[in-house]
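Visitor: I have the sequence and the model open side by side. Could you walk me through how to read it?

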Amino acid sequence: MLQDSPAFSGFSTDDVDAARTFYGQTLGLRVSERDGMLTLHLGGGGTVLVYPKPDHRPASATVLNFPVEDIEAAVDALVARGVVLERYESTDERGIQRGWGPPIAWFADPAGNICSVLVTS
């Protein structure tokens, strides 16, 4: 029934301007805006809607995953742009979790939503 629908996901933010700056300038994604909402244009043609929500609460799970070939290079690039990696008991000194599935590192957007970079191949 929905196999041909151009589906997309979305998540909320409490500050559209901060989200635009973070996703557009810090992460380097193409970002468009319409009706007070952002569309993140992802590699491969996918999109994600970022919408304002006055009583926003960060999502309780990772909202956006960015597959990368070299996690160390991705982490270095993020840190160089001022991104602070999340630290958990399972992450190493660089903020990368290894050995439980693919190598992965998490970071929060300005609204507290969690994103990741991870090796998928």
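Visitor: Is Ser12 buried or exposed?

Guide: Some ground rules before that. This is a predicted model, where local features need pLDDT of at least 70, side-chain atom pairs count only at pLDDT 80 or more, and totals for chains, interfaces and linings use all residues. Residues are numbered from 1 along each chain as its sequence is written, and side-chain values use heavy atoms, with hydrogens and water left out. Now the general idea: buried means under 20% relative accessible area, exposed over 50%, and partly exposed in between (1.4 Å probe, protein chains only). Ser12 has a relative accessible area of 7%, so it is buried. Look for it in strand β1, residues 9–13. Strands (E, at least two residues) and helices (H or I, at least four) are DSSP runs, numbered from the N terminus.

Visitor: Which side chain does the side chain of Ser12 make a polar contact with?

Guide: A polar contact is a pair of N or O atoms within 3.5 Å; within protein, one must be able to donate a hydrogen and the other to accept it, and residues adjacent in sequence count only if both atoms are side-chain atoms. Here the partner is the side chain of His56, at 2.6 Å. His56 sits in the loop between β4 (47–52) and β5, and with 12% relative accessibility it counts as buried. A polar atom of the His56 side chain also lies 2.9 Å from the backbone oxygen of Ala111.

Visitor: Which residues of helix α1 are buried?

Guide: An α-helix has 3.6 residues a turn, so residues three or four places apart point the same way. In α1 (residues 16–26), the buried ones are Val16, Ala19, Phe22, Tyr23 and Thr26. They are on the same side of α1 because they cover an arc of only 165 degrees around the axis, the arc being that of the directions from the helix axis to the C-beta atoms.

Visitor: What caps the N-terminal end of α1?

Guide: Asp15 does, with a side-chain oxygen 3.1 Å from the backbone nitrogen of Asp17. Just after α1, Gly28 has a positive phi of about 80 degrees.

Visitor: Which residue has a positive phi although it is not a glycine?

Guide: Asp35, at about 55 degrees. You'll find Asp35 in the loop between β2 (30–34) and β3 (37–41), and it is exposed, with a relative accessible area of 67%.

Visitor: How many bridges join β7 to β8?

Guide: Two strands pair if DSSP finds at least two bridges between them. β7 and β8 (residues 114–119) run antiparallel and have five, with Trp106 partnered by Ser116 in β8. The two strands form a hairpin with five residues between them, and Gly112 in the turn has a positive phi of about 90 degrees. Ile96 stands opposite Ala105 in β7, and one residue separates β6 from β7 in their hairpin.

Visitor: Where is Thr120, and how far is it from Asp15 in space?

Guide: Thr120 is in the segment after β8, and at 56% relative accessible area it is exposed. C-alpha to C-alpha, Thr120 and Asp15 are 31 Å apart in space, and they are 105 residues apart in sequence.
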